[in-house]
Amino acid sequence: MADIHPVPERVRAGSPSPIPDMDRYREIYAAAQNDPEGFWLEVTRQRIAWDKPPTMGLTGSYHEIAQGPITWFADGELNATVSCLDRHLATRGDKVAILWEGDEPGDNRRLTYRELHAEVCRLAAGLDALGVQKGDRVIIYMGMVPEAAVAMLACARLGAIHSVVFGGFSAESVRDRVRDSLAEWVITQDEGLRGGRKIPLKAVVDQALDGEHGVKKVIVHQRTHVDVPMKEGRDVFYQDVVAGRDAAHPPTIVPAEHPLYILYTSGSTGKPKGVVHTTGGYITYVAYSHQVVFDLREDDVFACVADVGWVTGHSYIVYGPLANGATTVMFESVPTYPDPGRYWDMVQRLRPTIFYGAPTALRALAAQGDTYVKKYDRSSLRVLGTVGEPINPDAWRWYYDVVGEGRCNIVDTWWQTETGGICISPLAPVTATKPGSATLPLPGIVPVLMSPDGHIQRGPAEGLLCLAVPWPGQARTVWGDHERFVSTYFQHFKGYYFTGDGSRRDKDGYYWITGRVDDVINVAGHRMGTAEFESALVSVDEVAEAACVGFPHPIKGQGVYAYVVLQPGVEPGEPIEKLMNGACRTLIGAHAKVDLFQFVPGLPKTRSGKVMRRILRKVAEGDPSNLGDVTTLADPGVVDVIVKGAKSL
Ligand code: PRX
C-alpha cells in the first residue's frame, strides 16, 4: 500500500495562497503551460515593484541558446531592493524582517524592515563613496550575520553584482572566484562563529589576495572584534564605511536582465562555474515560489537554516522572503551546538511557522533519538521543508511524525543553483505527500524524463530529468563563458535544459529524484565536483593518479570515495591519506573531505585512456556484481584487483 499523506487540516485551513487546492493547481498549471509569457507577466506585475513594468515576456529559446541567453521581461526596469525593502515601509515598517539567532542559543538580533532598509542604504552609500559602481563584482565572504544579507542587498541597491562565497571555502577557492569574476571589492568579517569555533575569514581573504592586484578595497565587518591586520589603503572597517551615511540611498534602476548575482557551483568538469542570475526574472520567481510552496501568511516566521553562501540562502533566506515582506530567520550556528536539540530549542524560542532544512541534518539528528526534539515545544510549526538532496523515507517519516507530530505538511523541494528557485515540490496546503517524493512541478515548470538516447518517456517511467520550457528564475549564462553554459546544460538533449539528475515518475505523476547522474557529488547537501577532488589529490607529490566518485553514506547522503595510484615506492596508509585530505581542505575548503581511500595499482581505462567511471561507481556503491562490459579496457585485470580491495564504512 502506497504511503500517502493527505494535507493535514491545520495546514490547509485559511490558506491565502493563489493556489489553495488541487483543482486550482491543475487549472493554473494548465494556464501557465498554454501561455507561459502571459502567465509570468501577470505574476510579475502583481508581485514585483517595477520602476518600468515590462511588456515583454520571453525572448530566445533553448533551441537558440547558443546564439545568446534567453531573456524575461527585457523591456522592464527595476531595482530588486525596492521589492524587498522600500515598498514594505508603509505597511510593514515595524515588522521584523531579519530575526537572527547567533551561535550561542538565545543570542538574537531583530531588524525591522525600516531598520534593514536604513542599514542597506547606509552601506550602499558607503560603497558608493568608495567607488563601487553598477556592474562591479563584489565578493562577499562572510558568516551568517545580518550584515551578510545587508551586503548582498547593498550591492543590489547599487546595481553591483554580488558573488557570495560560502565561509567554509579555502583561500585558493576565494582567489579563483575573485579572478574569474574580476571582482574589485570584497566584503568579509574578522571571524566567523560556528558551533563555538572561530573561522578566520579575514585571514583567509588576506591569503587569497596575497599577490593579487585587482581588488581595490576589502570591507571588514567586526563580528568577534578580534584584532585583524588591516592592510593600509586596502582594508576598511564596515563600521567606518557606514558611519554617518544617510538612511535613504536611492536605488539604481537597472534593466530586468541586469545580473543580480553570480554564484559559483560545481559541475562535472573543471573548476566551479559562475552561474549568473539576473534581476527581474529571478526576483519574480523566488517571490512566487516562496509564497506558493510554503503557503506564506502575513504572520509567518520563516526559518530557513541554510547558509547564504549557497543558493538556498540567496533565494529563501534573503530575496524570496524579503520580497514577500516576511520575517526571515538567519541562523549562525550548527544543528548540533551546543547539543542536537538546537533547532528545536530555537523553534521553541523564536516560534517559526515554517522550518526549512537539509536531509543530512535531519538524519544526523534522528540518529540521536527523539528526546532532543520532544523536550521542546514545536507547536508553532505548520510547514516543514527539505532541500538539497534526496530525503530517504525514514528521515522523512521522522521529520513528519516526530518533529511535526503529524500536524505539518512536508515540502520536499527539488531545485538547483541553476534553477534559481524551487521547481518540483509539494505546495504546502495542496499536495498529498509521499515520503521521498518531490511530488509535482510548479506552474511554469515542465519536467521531462529522457532516455539516454534522447527519447521522451511518457507515463510512469525513469529517466534523465530535463526541463522543457524556460521560466523566469533560471540562470542565464555562466559568467564570462556562455559556451560552457550551453555545453553543460543544453547539449545533451537539443532544446531541453538537462539538470544532471535522474528521476522516476510514478503513476500519479509524482517525481522521485534519484540523484545526480553526472560527476557531481552531493555530500551533506554540499555540491562538489569529482574533478575538483581529483585535482586536489594529484597536487600531492606522492600521488600519481586519482579518480573520485560518490557512494551512499548513511548520514551525509553521499560520501567521497577516492581511488588513488601512488608514485612508485610510496607507502599507502594513514599519513598519505592525511596529506591528501589536507590538500582537499587547502584547495577546496573545510567541507571537502574524502571518506574512503582505496589504493590501486592502476585505474580502469579504455584503450584511448578514458577512465571508466561506471566501474568505479559500482564498486564504491558496494555493487560490483554487474559491472557491464569491461572488454574495452586496456587492462581488464585491474578490475579484479579493484573489486577485491573495495572499501566500505
Ligand atoms: O541533485 C539535486 C540535489 O541537489 C542538486 C543541486 O544542488 P545545488 O545547486 O547545490 O542546490 C541545492 C539547493 C537547491 C540537484 O541537482 N537536490 C536538490 N534538492 C533536492 C535534490 N535531490 C533530491 N531531492 C531534492 N529535494
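**View 1. The loop that holds P338.** Helices, which are runs of at least four residues, and strands, which are runs of at least two, are taken from DSSP and numbered from the N terminus. In this predicted model, P338 belongs to the loop that joins strand 18 (327–331) to helix 13 (342–350). Most peptide bonds are trans. The bond leading from Y337 to P338, however, is cis, and its omega is near -5°.

**View 2. The loop that holds F73.** Most residues other than glycine have a negative phi. F73 is not a glycine, and yet its phi is positive, at about 60°. The place to look for F73 is the loop between strand 3 (71–72) and strand 4 (77–78).

**View 3. Helix 11 against helix 12.** Two packed helices are described by the angle between their axes and by the distance between those axes. For helix 11 (residues 279–294) and helix 12 (residues 311–323), the axes come within 8 Å and cross at roughly 90°. Because angles of 65 to 115 degrees count as roughly perpendicular, these two helices are described as roughly perpendicular to each other. On the side of helix 11 the contact is made by Y282, I283, V286, A287, S289, H290 and F294, while helix 12 contributes H314, S315, Y316, Y319, G320, P321 and A323. Sorted by class, this contact has nine nonpolar and five polar residues, and no charged ones.

**View 4. Helix 3 against helix 11.** Helix 11 also meets helix 3 (residues 36–47), and here the axes come within 10 Å and cross at roughly 85°. Helix 3 is therefore roughly perpendicular to helix 11. Helix 3 brings F39, W40, V43, T44 and R47 to the contact, and helix 11 brings T284, Y285, A287, Y288 and Q291. Six residues of this contact are nonpolar, three are polar and one is charged.

**View 5. The shell around the ligand.** There are 17 residues around the ligand, of which D412, T413, T417, D501 and R527 come nearest. Six residues of the shell are nonpolar, six are polar and five are charged. Helix 12, strand 21 (409–413) and strand 27 (511–516) each supply at least two residues of this shell.

View 6. At P390 a backbone N or O atom lies 3.3 Å from a nitrogen atom of the ligand. On its own the ligand has 540 Å² of accessible area, and the protein covers 96% of that area.

How values were computed: Residues are numbered from 1 along each chain as its sequence is written. This is a predicted model: local features need pLDDT of at least 70, side-chain atom pairs count only at pLDDT 80 or more; totals for chains, interfaces and linings use all residues. Side-chain values use heavy atoms; hydrogens and water are left out. Axes are lines fitted to C-alpha atoms, for helices over the stretch in contact, and angles run from 0 to 180 degrees between N-to-C directions. Angles under 35 degrees count as roughly parallel, over 145 as roughly antiparallel, 65 to 115 as roughly perpendicular and the rest as oblique. Contact means heavy atoms within 4.5 Å. Ala, Val, Leu, Ile, Met, Phe, Trp, Tyr, Cys and Pro count as nonpolar, Asp, Glu, Lys and Arg as charged, and the others, Gly among them, as polar. A residue is near a molecule or strand if one of its heavy atoms lies within 4 Å of it. A polar contact is a pair of N or O atoms within 3.5 Å; within protein, one must be able to donate a hydrogen and the other to accept it, and residues adjacent in sequence count only if both atoms are side-chain atoms. Accessible areas come from the Shrake-Rupley method with a 1.4 Å probe; for residues, only the protein chains shown count as cover.
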